[in-house]
Each structure stands twice: as C-alpha cells, then as structure tokens.
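This briefing goes through one protein model by topic.

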Amino acid sequence: MNGNPLCLLDFQCLGDAFLAFVPDNQQRRFFAGGLLTWFSSLLYFLLVRVLRVESVRIRQSYLICTGVYILVGLLQLNVLHYVAMASVMYLNIRLVPPKYLPLTFITTTYAYLSYRLLHFMLEENGRTQFHDSLFLMIFLARGSYLAFGLYDGSKRAKQDDAKLTEMQSANAIQHQPTLVQFLSYALYSPVLFFGPCTPYNVVQSYISMSCDEIKRRPLFLSFVLQRFSLVLFFSCVYLLFSDYAEYDWLPRADASIGYKWLCSIFIGELIKMKYYVAILLGECCAASSGISFSGFNDLKQPQHDNVLNMRIFDCMLPCSPKLLMEGWHITISNWLRYSVYERAPVVKTLAVFIASALWHGFYVGTLFGMTYGAVLVMAGRNLRRLFHHRVNHESKVAKFAYDVSSTVATVMFSHPFMLVYNADEASRVLPLLRSHLWFPTVLCLAVAVMPVQKVPAKKVPQNNHSN
C-alpha cells in the first residue's frame, strides 16, 4: 500500500496484474485508471436505472466523492492543485460580471496551469510519470465551457441573442450554478480521467433527469461494444509494432527523401494508435454512465454524439485536412470552435491552432505541430476552392479520382503534424525538419498563402406561382 488514506486499493498492483507484460509504470496505471473510471460510470448508471435514486443531490454527492477518490486515491495527485483551480473558477463565476468572465477566468486559470506545465518540464524524468497537468488541462477546457456559457446566457437574458450563433445558443447557461452543481460538473467522474470534454448543459441535464426519463433512453451496449472492439484492435496492432514507434527507427540521414517520407508516415500512424486507444476508452467510460444518448437519426437509430470523440475513418483515411482535424478529438475541437473560432475577429483557423498549442503546453514540437496543422488546413481549403467546383460536374470516375487523390495527399502531408507534435523537445523536432519535413512544410505554406478566389455558391432558382 502507498500509505494514502484515500487509496483503499493499490491500483498500481491492479495495473500490474492486468498489464504485467508492459514495463512502463505509466501505462499500467493508465490501464488501472481506465478500469476504475469505467467501474464508477457503471455504478452511477446502476444508481439511477436499477436502484432508481430520484434524489439529484445524492447523485451529485456520488459524482463528487468518486471524482475526489479518483484524483487523490488513484492518481495520487496533490489535491490542493485541483482545489486551487476549482476555487478560482468558482469565485470568478460568483464575483465577476458575465461580460468579463471568460477573459478573467482564462487568464487566471491558465496562469496557474502554465506554472504546472513549466514545473512539469523541469522535473527529472517527468515524462515517464503520471502528472496532474493533463487533468488540469481537461479541467481548464470544461471550465471555459462554463465561463463562455454564462457569458452567452447573459446575452440571451438581455435579449441580445440575435448575435449568438447556433452553437453559442445551445451552450448558453441561464442561471449561475450552485456550489454542488459546479462540483458535480468539475468532478464528473466518468469523464474525469480520459474526457470527453462535455459541455455544462449536457452534464447537468443528465444528472437532473428523473429515473423514468433515463429508463426511456436506449441502452449504450452496442455503442460501447463497437468502440471497445476498436480499442482491442488498435492495442494489439500497436503492441505488435511498438518497437517501430520510436524516432530512433527513422532512416539514416543518407537515405532517400522518399524512403524517409514513407517511414515517417508509418511511424506517425503507429503513434496515432496510442491516442486512438485513450480516446476510445474515454468514450466507453462516459457512455457507460448513460450520458451518451443524443437523439435518434432519420432511420430511428440511437445516436451517441454526447460522448463521440473520434471518427476513425476520418482520422485514418481523411478526404481533407479539415475532416482529419474535425474527426480527431471531436469534443476538444468543438470546445475550440465554441471558445475561439466563433469569437476570433480575424485568422480564425490560425487562432484555433495557436490556442490549442498553448493549451497543450510550452513545447517546441507542440507549437510547430499545431502551426503546421493550421497551414495544412488552409492549404487544403485553397486546393478545394481550386479544383472541387471543376470536378463536381464531371463524371463519377472523375469524382472518385478526386476523392482518392485528396485522401492520398492528406495522408502523405499530415504525418509531420503527428511526428513533431509527439516529439515535443527541440532536440527531436529540429533534426526531423532538417532531414525531410522541411519539404512538406514549405510546400503547404506556399499553397496556404496562395491567393485563391472563393467560388460563390450557386443560387437555386425559385419559381413564384401566383394564384
């Protein structure tokens, strides 16, 4: 036992038992954390659906206690870090006028987060150990959802909602949360460990539902089985080729640029599989609590968009850089769109990626990777404006050839994003750029800044029939 009074089980040993063949202690505890998060999600679902506990206060108390237990017991975090950020967030909500709430919240909490990230960088061997920076990042994202939601809610209260977009109207919060409501959102255990980054309104509406309302919702079993089968597949593939998912495996400097490029694509796809596993496990944990259901589609099939965090096909075979970025970590993309893209006055795409880079941490690889991602999206947008309207009226063969070529180009030119994003340190990023990544970087930048006129959408003629 580790001596922590809140840790009733030795979760490190639990991880050892299930993942003894993985030597990295971080991966063992990551796996154990997934098990505990999943178990707490199922318990909450049983609390409402089987035991039929109608009291919202009891449900909130369960979520708060479980969240604290996971943070302190499993991760062995210094709980004062989380308390400090939660206190700043809640005091801002209560004391700051809604007009200034997003700015004050983001600046104060990000100042604290930056301190933790910089401290993380200076720690010896910090990269191989669990740290609270990741969870503070998730906390910051969900907190800014709350801050902007209150800001948009104040606009709606003043009947100034004509300026709100559809997404802003959906996330607008009409009433300030009480302390218990705030904590149940901040410590919502099914999404605490992995995500997804769920908006405040989604969480609170589900917590406050009656047992009968929740019982009428379709079960999540088919969705969880589908996503967990993908977890098993990507885990097996990654473990099979994990020896090649290292930068030391890259070809020597005297190898041809084409060979280097192909090896980089292979390594980039292997690196992405680690993220696939974590994101898909997060979907399974959140769905198991019952929060996933978002309605029925046109075919009367249940949809689980509340926790959908990845579109696998768009990540593996994207038809455009935009589809790749939108299909990767969907809830974080929605958060950045809601908080940054819809509010930035100019260069919206670049602003989103720079904000994402700062949110991920103060690393050379992250900053360059996100900047390259913005350039790649802008380059893809220009190429689409050049060719799509010309191919759109051609034969099916021409359309198919356009889709295939755009998919191949996206896969080939998106691998630098993952390589340098995962590299982090300048000692890894700069050799990659000097070796062969300078070519796709320069080419994408040239296409992105190329002046291309936007093709106006054709108006459909309307026939006015008078009686």
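Among contacts in the protein chain between residues at least 6 apart in sequence, what percentage join residues at least 24 apart? The share is 71%, where contact means heavy atoms within 4.5 Å. The model is predicted, so local features need pLDDT of at least 70 and side-chain atom pairs count only at pLDDT 80 or more, while totals for chains, interfaces and linings use all residues. Residues are numbered from 1 along each chain as its sequence is written, and side-chain values use heavy atoms, with hydrogens and water left out.

**Whole chain**

- The protein chain has 19 helices and two strands; these are DSSP runs numbered from the N terminus, with helices being H or I of at least four residues and strands E of at least two.
- Of its 467 residues, 49% count as buried, meaning under 20% relative accessible area, against over 50% for exposed and in between for partly exposed (1.4 Å probe, protein chains only).

**Helices α11 and α12**

- Helix α11 (residues 221-240) packs against helix α12 (residues 257-288) at about 155 degrees, with the axes 9 Å apart; axes are lines fitted to C-alpha atoms over the stretch in contact, and angles run from 0 to 180 degrees between N-to-C directions.
- That angle makes α11 roughly antiparallel to α12, a term for angles over 145 degrees.
- Residues of α11 in the contact include Phe223, Arg227, Phe234 and Tyr238.
- On the α12 side, the residues include Leu270, Met273, Val277, Leu281 and Cys284.

- Helix α15 (residues 330-341) spans only 14 Å between its end C-alpha atoms, whereas a straight helix of 12 residues would span 16 Å at 1.5 Å a residue; the expected span is 1.5 Å times one less than the number of residues.
- Buried residues of α15 include Ile332, Trp335, Leu336 and Tyr338.
- His329 lies in the loop between α14 (321-327) and α15.
- Although His329 is not a glycine, its phi is positive, about 55 degrees.
- His329 is partly exposed, at 23% relative accessible area.

**Loop between the strands**

- Lys300 sits in the loop between β1 (295-296) and β2 (302-303).
- Lys300 is not a glycine, yet has a positive phi of about 65 degrees.
- With 68% relative accessibility, Lys300 counts as exposed.

Notes:
Angles under 35 degrees count as roughly parallel, over 145 as roughly antiparallel, 65 to 115 as roughly perpendicular and the rest as oblique.
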